[in-house]
Amino acid sequence: MSAFCSEIFVNFSFSDKRLVMEKTGRNDPCPCGSGRKYKKCCMKNDGTAGVDFKRLYLQKYRIRLKSQKDIDGIAQAGRLAMETLDLVESRLTIGVSTEEINTIVHEFTISRGAVPGPLNYRGYPKSVCTSVNEVICHGIPGPYLLRDGDIVNVDVTPILNGYYADASKTFFIGTPGRDAEKIVRVAAETLARGISKVKPGNTLGDIGHAIQRHAEGQGCSVVREFVGHGVGVDFHEPPQVLHYGRKGEGIMLVPGMVFTIEPMINLGAKDLQILDDDWTVVTRDGSLSAQFEQTLLVTEEGCRSLTPFDPLAGL
């Protein structure tokens, strides 16, 4: 199956929140990569002081911690992503086709010297994903005309000077009904809850737990099959960022990690199906689905959004 948001294929389940999230024996090689035994290296510092996180995370998890140059480049792409979504929002109205949204995104991205990441990615035929109502993700733009009461998620990924940034918002078309208002609000709140857990020392499981707890507490469900992902120098990088999970589990967050949080929240059950185009993912029960996404950097103090917006603004 093709995917933009990562399709889940492994669930990390490490429970120890120390450096490597698993027990290291006294006589084992030190996880910092020094070549010395753990007891003669980092054990006396609880396994954290002096550790080459960049080397360790690349070797152990294939996670590339980003340099300042990388961060600056991703942030520039992120600003373009937000300008693109702002432009789309200004053009959205009843009667606009999803193909017109694609044209807006494509032409604006090209005009800024960037490339639309989705176009031709694993055969995807358009420059943006437009997911309307019961479409969870990867909706392909086409002749569909937006109607009063619809909700539409617009997901953009510009590539600027070789760097990627990924962001999406769900918009109301005309006057939303109660169900539309609820699912969009809950989706926005789950993103905010997830972002609040992004800081050094927390784990990916802390993010997923916060999202799942809030969504299910509101009577909604969290899509399991599609998750967040590392991003920046490629469209999809490790780690996978599950939008469900348990506190304290998963890879520990360290400064320099860049990844997306993009919870897909259904008003009904979490079950999905993929349409015959092999891209469009819809809720199996036909219920509404909504999503918001940001690209986030783990900093020394907490986190910084590289595609900054307030998901709760106007809700």
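The secondary structure of the protein chain comprises 5 helices and 18 strands, taken as DSSP runs (H or I of at least four residues for helices, E of at least two for strands) numbered from the N terminus. The model is predicted, so that local features need pLDDT of at least 70 and side-chain atom pairs count only at pLDDT 80 or more, while totals for chains, interfaces and linings use all residues. Residues are numbered from 1 along each chain as its sequence is written, and side-chain values use heavy atoms, with hydrogens and water left out.

Among contacts (heavy atoms within 4.5 Å) between residues at least 6 apart in sequence, 69% join residues at least 24 apart.

Ser305 is located in strand 18, which spans residues 303-305, and is classed as buried because its relative accessibility is 18%. Beyond residues up to four places away in sequence, Ser305 touches Gln294, Thr295 and Leu296. The side chains of Ser305 and Gln294 are joined by a polar contact of 2.4 Å (a pair of N or O atoms within 3.5 Å; within protein, one must be able to donate a hydrogen and the other to accept it, and residues adjacent in sequence count only if both atoms are side-chain atoms). A polar atom of the Ser305 side chain also lies 3.2 Å from the backbone nitrogen of Thr307.

The count of disulfides (pairs of cysteine sulfur atoms within 2.5 Å) is 0. The cysteine sulfur closest to that of Cys129 belongs to Cys137 and is 7.7 Å away, too far for a bond. Cys129 is buried at 3% relative accessibility, and Cys137 is buried with a relative accessible area of 3%.

Key. Buried < 20%, exposed > 50% of the residue type's maximum accessible area, 1.4 Å probe, protein only.
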